[in-house]
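Morning, everyone. I have one structure to show today. Please take a look before I start.

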Amino acid sequence: PTIVKTDTVRLRAPNGAWIAVDPWVDRMVKADRDSLRPCESFRRLRTGDGRVAFLCPNGSFLCAELLEQQQLAATAMDLGDYGLFTTEPQSDGTLAIKASNDLYVAFDPLTRTLHAISKGIGPNEKFKLYTPPFPQ
């Protein structure tokens, strides 16, 4: 895909926590951070066809792990369709994120993990995206 624009973003899950890549546990993505550190930032790459990719602080792309119940992780070393997402703005100012498997990313409140498993958009499929300056 052709990258047409990049910026730095941070994402907040429905529980209000910042979304981050855990560099020590299989590079899985969790929503369990109360404060901002570098691991909560993502480089958003926008493609010419309207999709986005998220480059993580560890240098890998965010993707839905096929063998790990579609859990989001920073494990893709190169950008392919599995690392591309479609974002859909919602009327309440949040956005829904659809993965390459054509399912929405959902927040699991028990494990605080993110999985691309939802067929529809409900409260656990709505995220807040921030650009600089970031809130504290």
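I'll go from the overall fold to one group of aromatic rings.

First, a caution: this is a predicted model. The chain has 12 strands and 0 helices.

Now the dimensions. The C-alpha trace spans about 35 × 35 × 30 Å along its principal axes.

Next, packing and surface. Buried residues account for 47% of the 136. Take the contacts between residues at least 6 apart in sequence: 47% of them join residues at least 24 apart. The accessible surface is about 7100 Å², and carbon and sulfur atoms hold 52% of that. On charge, there are 16 positive and 16 negative side chains. The centres of those two sets sit 6 Å apart.

Now the rings. The count is 3 aromatic pairs. One of them is Phe42 with Phe54, edge-to-face, 6.3 Å centre to centre and 80° between the planes. That pair links strand E4, with Phe42, to strand E5, with Phe54, 12 residues apart. Phe42 is buried, at 2% relative accessible area. Phe54 is buried too, at 2%.

Phe54 also pairs with Phe85, tilted, at 6.0 Å and 55°. Phe85 lies in the loop between strands E7 and E8, so this pair ties together parts 31 residues apart in sequence. Phe85 is buried as well, at 1%.

To finish: Phe42, Phe54 and Phe85 form one aromatic cluster.

Definitions and conventions:
Residues are numbered from 1 along each chain as its sequence is written. This is a predicted model: local features need pLDDT of at least 70, side-chain atom pairs count only at pLDDT 80 or more; totals for chains, interfaces and linings use all residues. Side-chain values use heavy atoms; hydrogens and water are left out. Helices (H or I, at least four residues) and strands (E, at least two) are DSSP runs, numbered from the N terminus. Buried means under 20% relative accessible area, exposed over 50%, partly exposed in between (1.4 Å probe, protein chains only). Contact means heavy atoms within 4.5 Å. Accessible areas come from the Shrake-Rupley method with a 1.4 Å probe; for residues, only the protein chains shown count as cover. Lys and Arg count as positive and Asp and Glu as negative; His and the chain ends are not counted. The place of a charge is taken as NZ of Lys, CZ of Arg, CG of Asp or CD of Glu. Rings of Phe, Tyr and Trp (its six-membered ring) pair if their centres lie within 6.5 Å; planes under 30 degrees apart count as stacked, over 60 as edge-to-face and the rest as tilted.
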